Amino acid sequence: PEAGLHWFLTYLRHHQDTLTMLPQAWDPCFLIGAGGEGIVGLQVDDSLVAGSARFLAQEKQVENRFSCKAIEFLNEEKEVRFNGTTLRRLPDGTVSMSQRPWLERMEVPKTAEAFVSNRARGGYVATSTRPDLAAPIQLLAKAQKDPSPSDFRQLKKILDYCRRTADFSLNYVPLDPSSLRVMVFADAAFANRDGFWSQLGFVIVLADQRRGNILHYRSFKCHRVTRSVLAAELYASVAGHDYAFVLGESLSTLFPSIEVHLYTDSKTLWDVVTRFSTTDEKRLLIDVMGLRESYSEAKLKSISWIAGTSNPANALTKCELSVNSALARLMQSNELQLDMLGWVDRVKLSDASSSTRKDGRVSNPRTTVSVDEQAAPKSLGPS
């Protein structure tokens, strides 16, 4: 039968019961095999699989159990298309994801209906493989019903930028498993939308000491009341922290020692979390306490203050189209120079000098706060 739900549940039960895979809490369509031998992503009746040779041999048995198309394998000679995205494998092991045909279908709109159609195409690409388009496209969502002349001009600028950067893609390079960490960059633009709403954004990167791959990103309107820049920055950081923490939990089944690090370009937010300074806004206290608890218990390994020009999340909050932004550089080279302005050096305490709570966790970790407004740039993945 041609029923998406039927085939989705069929494949889901097959992977759970036969291959003993576990769906993740943040997305039941993403499954990880026992022992981390395989990973499967389900899209209705299609599946994207990565794993060891033994796991792929088990997965190939699907052809014997169900009536389906032949399995396609991604290699240097053959590209694979999945859910409108073209995947290519390069000789150095890099996997490239692009949606160039979708961008080529976009054209300068002349009517309101054409405007909505082209913005929707751009929105699909922006949320899948082009994070540099996320904020400009998302900020045009307000013009769905009655776009103004300035909205038409802005969409034309986006189309011109897409033509200049048609070769942009998301690249996933091989990383060193022994030094992996999850890095989340957060930023906010206070009251930069109509109605004085704020635009928030964050980027989550899986990185080693040299390079990093973008795991997830988001640019979105803040629906909560923001009465200060601190409030907007806090909401963005909390959202990024929550996503990164959940992804880190899933990755810990593959890499047990993985850590989560938070980066912000707001010194006020950095002071509130690391120096335990106070804020007069009571509505922010719960979020502040949540970040502080995560930080004090080392679930959030570190929080650093960086310059705004080196923050890739900066491009997710403003309607700026630049190939020289930190986010664009991260997409092209998988590298990023971080201008570190403030960080915390955690000092391990001896058993004699530490106070331990009843649950066994250290309640007074000693830290050294370092501030250097002229610190030398550091590469992606600093300790």
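Predicted model: local features only at pLDDT ≥ 70, side-chain atom pairs only at ≥ 80, totals over all residues.
Good morning. Of its 383 residues, 46% count as buried. The chain exposes about 19,800 Å², and carbon and sulfur atoms supply 52% of that area. Among contacts between residues at least 6 apart in sequence, 65% join residues at least 24 apart.

I turn to the interior. In soluble globular proteins, nonpolar side chains tend to be buried together. Here the largest nonpolar core holds 41 residues, and the members touching the most other members are Val182, Leu200, Ile204, Leu206, Leu234, Leu284 and Leu291. Several elements each supply at least two residues of this core, among them strand S9 (181-189), strand S10 (199-207), helix H8 (229-251) and helix H10 (285-296). The largest share, 11 residues, comes from H8. A second, separate core has 38 residues, including Leu140, Cys162, Val203 and Leu338.

Which residues does leucine 234 touch, leaving aside those up to four places away in sequence? They are Leu269, Leu284, Asp287, Val288 and Leu291. Leu269 belongs to the buried residues of H9, along with Trp270, Asp271, Val272, Val273 and Thr274. Helix H9 is mostly covered, with 6 of its 8 residues buried. Phenylalanine 276 follows H9 and has a positive phi, near 55 degrees.

Asp287 brings us to the charged pairs. Side chains of opposite charge can pair when their charged atoms come close.

In one, arginine 224 and aspartate 287 meet at 3.1 Å, N to O. This pair links distant parts of the chain: arginine 224 is in the loop between strand S11 (212-221) and H8, aspartate 287 is in helix H10, and they are 63 residues apart. Arginine 224 is partly exposed at 41% relative accessibility, whereas aspartate 287 is buried, with a relative accessible area of 15%.

In another, lysine 318 forms a salt bridge with aspartate 187, with the closest N and O atoms 3.6 Å apart. Because lysine 318 lies in the loop between S13 and helix H11 (326-333) and aspartate 187 in strand S9, the pair ties together parts 131 residues apart in sequence. Lysine 318 counts as partly exposed at 25% relative accessibility, while aspartate 187 counts as buried at 2%.

The remaining example is local. Glutamate 104 and arginine 100 form a salt bridge with their closest N and O atoms 3.2 Å apart. Both residues lie in helix H4 (residues 100-104), 4 residues apart, about one turn of the helix. An α-helix has 3.6 residues a turn, so residues three or four places apart point the same way. Glutamate 104 counts as exposed at 57% relative accessibility, and arginine 100 is partly exposed at 37%. Salt bridges that share partners join Arg100, Glu104 and Asp167 into one network.

Next, the strands. An open sheet of 4 strands runs in the order S5-S6-S7-S8, with antiparallel pairing. Its edge strands are S5 (80-82) and S8 (170-172), each pairing on one side only. The twist averages 25 degrees from one strand to the next. S5 and strand S6 (residues 85-89) pair over 3 bridges, and leucine 87 in S6 is the bridge partner of valine 80.

Finally, consider cysteine 29, which lies in strand S2 (residues 27-33). Is cysteine 29 buried or partly exposed? Cysteine 29 is partly exposed, because its relative accessible area is 22% and buried means under 20%. Cysteine 29 touches Phe8, Val40, Gly41 and Leu42, not counting residues up to four places away in sequence. From cysteine 29 to leucine 42 the C-alpha to C-alpha distance is 5.0 Å, although 13 residues separate them in sequence.

How values were computed. Residues numbered from 1 in each chain as written. Heavy atoms only, no water. Core = buried A, V, L, I, M, F, W, Y, C linked by side-chain atoms within 4.5 Å. Buried < 20%, exposed > 50% of the residue type's maximum accessible area, 1.4 Å probe, protein only. Contact = heavy atoms within 4.5 Å. Areas by Shrake-Rupley, 256 points an atom, 1.4 Å probe, with all protein chains shown as cover. Pairing = 2+ DSSP bridges. Axes fitted to C-alpha atoms, helices over the stretch in contact; angles between N-to-C directions. Salt bridge = Lys/Arg side-chain N within 4 Å of Asp/Glu carboxyl O.
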